[in-house]
Amino acid sequence: MRALVVLLALAAPAAADDVCDHTRAVAAAEADLLVAPELFVTAGYTQQPAILFGEVATTAQPRVIAGLQLGLLKIVAGSATRGRADAECQRHLAAERIARGPSGRALAAQVSVLDGALAEGEAMVAKLAAEVDQQLATRPELIATRLRLDELRALATDAHRQLALLPATDAPLAGAFADQRAAVAELEHREGRLRTLSAFDVSVRAGIDRSLDHPTNTPYLATLSVTVNTGIVFQHGANARAASARRRLARTDEADLAAQATTDGQRAAQLATLIAQLEEDAAALARLSGDDARRLRRSLWFDLVQRKAERAFLVARVSAVRELAR
């Protein structure tokens with residue numbers, strides 16, 4: 001699980017604002033090309049009728065057609081493109097809360113237990129070192145205890161590192177699942193609208209149609225062009241299936257987290273029972289005297305700390321996943 005947390009952090013190290021800024025900037029660049037008029041120029045030779053000695057003949061004449069073209073539906077598509085970017089940003093923000101919120105909560109809880117235990121462990125090693133100097137304890141005992149403390153320190157360092165990899169966020173976890181579903185629905189609606197708009201083209205052209213052989217003759221050009229792709233007849237069903245599949249994918253993420261929370265809860269319950277038993281054993285050992293009881297009590301303390309840190313991790317993650325669904 002720790003490896004999964006690291007992979008999640010490395011997969012998207014950018015802050016959510018950076019992702020949204022990029023998405024919206026790309027959409028703005030695409031929309032700018034859609035809403036702006038197009039300049040067109042056509043030049044070449046065309047066959048023109050001419051009357052020569054009472055007979056009609058054709059001659060090739062240089063001709064230039066130039067002007068501006070404005071796609072009316074492209075303006076609508078430009079607005080839809082910006083709306084799609086907004087929906088993608090909202091989907092991303094909700095996904096970030098879902099993917100990183102539980103992991104952040106769990107790691108913070110684990111760090112809290114380990115950091116608190118390290119101070120107590122340092123005091124234990126210092127006391128044991130003093131007992132070795134007074135010949136009340138053996139050096140092998142001190143070495144073994146230092147190694148166990150170093151294991152705890154390594155666990156704490158690893159947890160701190162993983163927590164630092166997760167981007168800091170103040171976004172609440174509550175309602176993240178609902179926000180993601182709404183954003184996914186809006187995103188699919190926007191993309192479906194863009195696909196539908198791509199089947200139509202309504203363009204207005206205005207310019208000049210000039211023959212270079214007769215420069216004084218400069219007729220103006222104004223046209224309205226409408227085209228419809230007949231594939232629009234079959235597109236509605238495909239768009240509906242795409243929207244349904246996207247909703248199922250979002251639900252799959254929720255189901256996976258819910259299943260993980262169930263497993264985590266079961267493991268946390270097992271650890272709670274084990275911790276209670278170990279604490280009873282530690283209390284019983286505290287009432288005994290002798291070097292063997294003392295060594296076993298110290299070893300048991302380190303085992304307890306590790307189990308408590310693991311349980312804190314699991315309990316915090318289960319709580320966070322439940323909060324996502326509120």
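Aspartate 158 and arginine 161 meet in a salt bridge, 2.5 Å from N to O. A salt bridge here is a side-chain nitrogen of Lys or Arg within 4 Å of a carboxyl oxygen of Asp or Glu. The two residues are three apart in helix H4, so about one helical turn separates them. Aspartate 158 is partly exposed at 21% relative accessible area, and arginine 161 is partly exposed at 44%. Buried means under 20% relative accessible area, exposed over 50%, and partly exposed in between (1.4 Å probe, protein chains only).

The model is predicted: local features need pLDDT of at least 70, side-chain atom pairs count only at pLDDT 80 or more, and totals for chains, interfaces and linings use all residues. Residues are numbered from 1 along each chain as its sequence is written, and side-chain values use heavy atoms, without hydrogens and water.

Helix H4 covers residues 139–165. Its 27 residues reach 39 Å from first C-alpha to last, close to the 39 Å expected. That expected span is 1.5 Å times one less than the number of residues. Helices (H or I, at least four residues) and strands (E, at least two) are DSSP runs, numbered from the N terminus. Among the buried residues of H4 are Glu141, Arg148, Leu149 and Leu152.

The salt bridge count comes to 28. One of them joins arginine 24 to aspartate 86, with the closest N and O atoms 2.9 Å apart. This pair links distant parts of the chain: arginine 24 is in helix H2, aspartate 86 in helix H3, 62 residues apart. Arginine 24 is partly exposed at 36%, and aspartate 86 is partly exposed at 37%.

Are arginine 317 and aspartate 264 buried or exposed? Arginine 317 is buried at 4% relative accessibility, and aspartate 264 is buried at 8%. Their side chains form a salt bridge of 2.8 Å, N to O. Arginine 317 lies in helix H7 and aspartate 264 in helix H6, so the pair ties together parts 53 residues apart in sequence.

Helix H5 (residues 176–197) has end C-alpha atoms 31 Å apart, which agrees with the 32 Å its 22 residues should span. Its buried residues include Phe177, Gln180, Leu187 and Glu188. The cover over them includes H3, E3, H6 and H7.

Strand E3 also holds phenylalanine 200, partly exposed at 32%. Phe200 belongs to a nonpolar surface patch of about 640 Å², alongside residues including Val35, Leu72 and Val204. Strand E4 gives the largest share, three residues.

Note on methods: Patches are made of residues with over 30% relative accessible area and no salt bridge: like charges are joined within 9 Å, nonpolar side chains (Val, Leu, Ile, Met, Phe, Trp, Tyr) within 5 Å. Accessible areas come from the Shrake-Rupley method with a 1.4 Å probe; for residues, only the protein chains shown count as cover. Contact means heavy atoms within 4.5 Å.
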